[in-house]
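Here is a short report for a reader meeting this structure for the first time.

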Amino acid sequence: MYHAKKTWLDKVIDSEQIEQLTADGTISPHVAQLLVQRGFTTREAARDFLETDQMAFHDPFAFKDMPKVVERIQRAVNEGEMILIYGDYDVDGVSSAAILWHALIEIGGMAECYIPNRFTEGYGPNEAAFRWAAEEGFSLVITVDCGISGIHEADVLKELGVDLIITDHHEAKETLPDAFALIHPGVDSDYPFSKLAGAGVAFKVAHALLDREPVELLDLAVLGTIADLVPLVGENRLLAIRGIEALNASERPGILALRDVCSLTEDELTEESVGFAFGPRINAAGRLDSAMPALEMLLAESKDEALHLAKQLDQQNKQRQDIVKQIAEEATALVEERFKDDRVLVVDAADWNPGVVGIVASRLVEKYHRPVIMLCHDAEKGTAKGSGRSIPAFDLFAELTKCEDILPHFGGHPAAAGMTLSSDDVEALRQRLNEQASTLPDDAFIATIDVDLRLQVSDVSIQLIEDIQRLAPFGMGNPAPRIVIEQAKIRDMKRIGRDLTHVKALLSGDGKELDAIGFGFGDLVDEVSTLSEIHLMGSLNINEWNGFRKPQLMIQDVAVEDVQVFDYRGGKRPLSELFALPHETTTFVAFTDEVKEKYAERPLNGPIRQNIVFLDLPEEEAAFYPYVQQAERIYCAFKDEGYYFETIPSREDFKHYFQYFAKCPRDELRIGLVRLSKSRKWTKRSINFMHSVFSELDFLVTMEDGLPGVNPNAAKRDLTEAPTYQRHEARQELEQQYIYSSLAQLKERFDTLVEAAKQEEKTWSSNSI
């Protein structure tokens, strides 16, 4: 067996709704199932989702404050006022600032951008920055991707006589800032779509200012929309689709530079290009230092300048990866040592980089499936600053709101948040959050993953994948379909990658084949037998190489349901690999005294665990029963006993042996037996075997002189009636089945044995062997 990392849950589907969607033949059954699972249950809804060329952006003036915003900005432009765009240090904040800057410059505005430093200023508006803005002569401040939690800062700016326009999308508290105007899709009930990212909100402001759809800014808007993990449905879906098209056609120096450093100059860009290539590099600047180089790259007018900055971001991203790895190891050690039983993991240290702890928090959530908050202490200020990530059952923003009295500064979403608090209050936060999480059911902390489709290898085709791609781009709210490939056979499997931590497999089923790649799944080579039927969960894509197109599965999880058998017989693999198996999950079994003595220093025949290593064969097959009843993996390293190749003496041999005792003079028995064994080429083992058989059948008995002799009164019996003869035949059969069989035959034999063990009524224990 091989246990999946998460519990796979099949979504409930309505077959009648699927039939309705497929009735006219324009939607395949698999795509119809995916649409129904996503809530598009009518033909009209499905058509609206799939036929994006019919979609249109909402009127930006649906925001009730948008007329005020346009009027105030236009007045600032007309009167030559200085406008400050106040952003955030992540992809969404940087791209939002770039969008608004372009729009303001186009209408003749005097605009500058300000991105706060994560390390010295923290997230969102801060009083010092706003006071600086007033001193510098800015009379209008426009926030992008932040500001909704800046109640105090808004009051400060108002006292300074500076107008504040907030554009944001983060979770709002009950009290809103006292700003000149507020553009927030989640707060403004008049706007028809509430899930825009900060870049989407900035795009709407630009739309209103320019009085047209600013299509030239779509390549920027898509960066924040995808990277900030907002649901890719509704207007976000349109932004993503048109934005990806714009990215592929973009001549913006910053985008071309990103393509270059990501080695994507010849590739078609997708949502994955933004999420896994562009996004991390843009974010890297703000995670390690100031985010201004990232903004400058997006605003660069020359390719040389943009490429210089993009290379800087690429280098910072590599540094970020190393830092994340180190902090993740330290945080995991802390959890294992101090907080393993906590329901909410609040992990803190003095020397962690606050710019990357959010990434580490995500990794810990993935590992432990519990809410995680990572905090970094600043001894000089006496504060702890960090980020949190959560699980579906625990609304992190709502739960932090309950701790508002010890959280002077926090903001975020149900799944993610940032915060600053006094170092003295960290323990109180830990205790409170754990108390708040105590009401959750235990199954809330069991990692699950929804499965969209279950297929066989033979079901997968280029056409199927192209059909599924009709639902793209994928992201939050419209995830890439998770496919389970069931009962696949493994044709080939090997480790790949520089450090051999990844796996490449060739799967087969019903005469068809499917390539599979698993990043971080290199252990499958050692932990999954190639004879096992394997179930793989992942996403499907098309691998294009050298003019060929092939379906490919990107592995996300793996399960093997049957007992696995691994072959270490005959020195095929070193036994050192077996003794390196974790002893807390492995039982090493020896049946014979010879093997027990040979491995006396090893823990043998202990409590039965899921990994069973058989070092030799028992006398009887039934001795396997108590082990295979509980085994998940069986490792066979049987000692070659040689019975199978040692032929049972022939009936002619038995005849000569018996006649020898009947005719040979008593005083010549010993020397005569030596001559006879040489002429007949009998081994000592063969002589002992024949003697035991004749003795058990009473054909030979011990005479008065202490030597064997013929029993004249022996009844006629067949040689096969002797227990020794029967044991020898049974042993030969046992060795043939377990030592000299192929791996496939060995697996089949153990499958039969497992089934027989399940039916065995007798209860075995490890002490009964």
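This is a predicted model: local features need pLDDT of at least 70, side-chain atom pairs count only at pLDDT 80 or more; totals for chains, interfaces and linings use all residues.

Which residues of α10 are buried? They are Glu235, Asn236, Arg237, Leu238, Leu239, Ala240, Ile241, Gly243, Ile244, Ala246 and Leu247.

Helix α10 covers residues 234-249, 16 residues in total. From its first C-alpha to its last it reaches 23 Å. That is close to the 22 Å expected at 1.5 Å a residue.

## The whole protein

The protein has 27 helices and 24 strands. Its radius of gyration is 37 Å, well over the 27 Å that the globule rule gives for 769 residues, so the protein is more spread out than a compact globule. The C-alpha trace spans about 135 × 65 × 50 Å along the principal axes.

Buried residues account for 52% of the 769 residues. The exposed surface comes to about 35600 Å², and carbon and sulfur atoms supply 48% of it. Take the contacts between residues at least 6 apart in sequence: 68% of them join residues at least 24 apart.

## Helix α2, largely enclosed

Helix α2 spans residues 29-37. Seven of its nine residues are buried, so the helix is largely enclosed by the rest of the structure. The buried ones are Val31, Ala32, Gln33, Leu34, Leu35, Val36 and Gln37.

What covers the buried residues of α2? The cover includes helices α1 (15-22), α3 and α18 (462-468), along with strands β12 (448-451) and β13 (453-455). Just after α2, Gly39 takes a positive phi of about 95 degrees.

## Two residues and their contacts

Leu313 sits in helix α14 (residues 303-339). Is Leu313 buried or exposed? Leu313 is buried, because its relative accessible area is 0% and buried means under 20%. Leaving aside residues up to four places away in sequence, Leu313 touches Arg281, Ile282, Ala284, Ala285, Pro293, Ala294 and Met297. Leu313 and Phe278 are 35 residues apart in sequence, with their C-alpha atoms 9.9 Å apart in space.

His377 belongs to strand β8 (residues 372-378). With residues up to four places away again left out, His377 touches Asp348, Ala349, Ala350, Thr383, Ala384, Ser423 and Val426. One of these contacts, Ala350, is 27 residues from His377 in sequence, and 4.5 Å from it in space, C-alpha to C-alpha.

## Backbone details in the loops

Two loop residues other than glycine have a positive phi. Ser263 has phi near 55 degrees and is found in the loop between α11 and α12. Ser263 is exposed, with a relative accessible area of 59%. Asn605 also has phi near 55 degrees. Asn605 lies in the loop between α21 (593-598) and β21 (611-614), and is partly exposed at 25% relative accessible area.

Where is the cis peptide bond? The bond runs from Ala472 to Pro473, with omega near 0 degrees. Pro473 lies in the loop between α18 and β14 (483-496). Helix α18 is also part of the cover over the buried residues of α2.

Notes:
Residues are numbered from 1 along each chain as its sequence is written. Side-chain values use heavy atoms; hydrogens and water are left out. Helices (H or I, at least four residues) and strands (E, at least two) are DSSP runs, numbered from the N terminus. The radius of gyration is taken over C-alpha atoms; the globule rule is 2.2 Å times the number of residues to the power 0.38. Buried means under 20% relative accessible area, exposed over 50%, partly exposed in between (1.4 Å probe, protein chains only). Contact means heavy atoms within 4.5 Å. Accessible areas come from the Shrake-Rupley method with a 1.4 Å probe; for residues, only the protein chains shown count as cover. The expected span of a helix is 1.5 Å times one less than its number of residues.
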